[in-house]
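Subject: Structure handover

Hello,

I am passing on the structure we discussed.

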Amino acid sequence: MKLRNTAQRKEILNILKNTKTHPTAEWIYEEVQKIRSDISLGTVYRNLKVLREQGKILELHDGTKARYDGTIEPHAHFICEKCGDITDLSISGSLPKWVSLENFRINSFLILLHGQCPECCS
Ligand SMILES: [Zn+2]
Ligand SMILES: [Zn+2]
């Protein structure tokens with residue numbers, strides 16, 4: 001049982017590492033099903049939770065649904081309000097000056113910008 005769980009989790013992680021689309025659990029479920037037809041959506045959710053707790057994936061919210069990300073290097077996100085696309089934005093330098101965080105220690109952060117992607121703008 002334990003071995004099977006590990007294999008399933010690896011496949012889910014693999015799928016997430018190989019996409020830049022920040023998919024929903026349902027999308028991941030459809031992809032894993034192509035490899036393992038016996039997997040349930042509940043199992044996918046459970047594994048996503050474990051992976052997130054292990055710090056191997058990120059979870060973000062698009063306002064309605066949880067979306068998952070296999071890229072854990074620090075980066076920001078842009079979400080298109082029209083088509084729902086989530087784009088990775090690389091960040092560099094230090095935190096903006098308007099963030100005042102004396103006496104706090106930052107372990108992780110989430111930057112989510114909202115607007116319209118280039119495709120929806122044109
Ligand atoms: Zn768009
Ligand atoms: Zn991302």
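Predicted model: local features only at pLDDT ≥ 70, side-chain atom pairs only at ≥ 80, totals over all residues.

Overall layout. The protein contains 4 helices and 5 strands. Read from the N terminus, the order of elements is α-α-α-β-β-β-β-β-α. The C-alpha trace spans about 50 × 45 × 20 Å along its principal axes.

Helix pair. Two packed helices are described by the angle between their axes and the distance between the axes. For helix H2 (residues 25-35) and helix H3 (residues 41-53), the axes come within 9 Å and the crossing angle is roughly 115°. H2 is therefore roughly perpendicular to H3. The crossing of the two is right-handed. On the H2 side, the contact is made by Ala 25, Glu 26, Ile 28, Tyr 29 and Val 32, and on the H3 side by Leu 41, Val 44, Tyr 45 and Leu 48. By class, the residues of this contact comprise 8 nonpolar, no polar and 1 charged.

Largest pocket. How much space lies in the largest pocket? The figure is about 230 Å³. Its lining consists of Leu 58, Glu 59, Ile 72, Glu 73, Pro 74, His 75, His 77, Ile 106, Asn 107, Ser 108, Phe 109 and Leu 110. At least two lining residues come from each of strand S1 (58-61) and strand S3 (75-80). The lining of the largest pocket divides into 6 nonpolar, 4 polar and 2 charged residues.

Regards

Conventions: Residues numbered from 1 in each chain as written. Chains lettered and ligands numbered in written order. Heavy atoms only, no water. Axes fitted to C-alpha atoms, helices over the stretch in contact; angles between N-to-C directions. Parallel < 35°, antiparallel > 145°, perpendicular 65-115°, else oblique. Left-handed = near helix turned anticlockwise from the far one by under 90°. Contact = heavy atoms within 4.5 Å. Nonpolar A, V, L, I, M, F, W, Y, C, P; charged D, E, K, R; others polar. 1 Å grid on protein atoms, 1.4 Å probe; cavity = no way out; pocket = protein on both sides within 12 Å on 5 of 7 lines; lining within 4 Å. Points joined across faces, edges and corners; volume = space filled by probe spheres on them.
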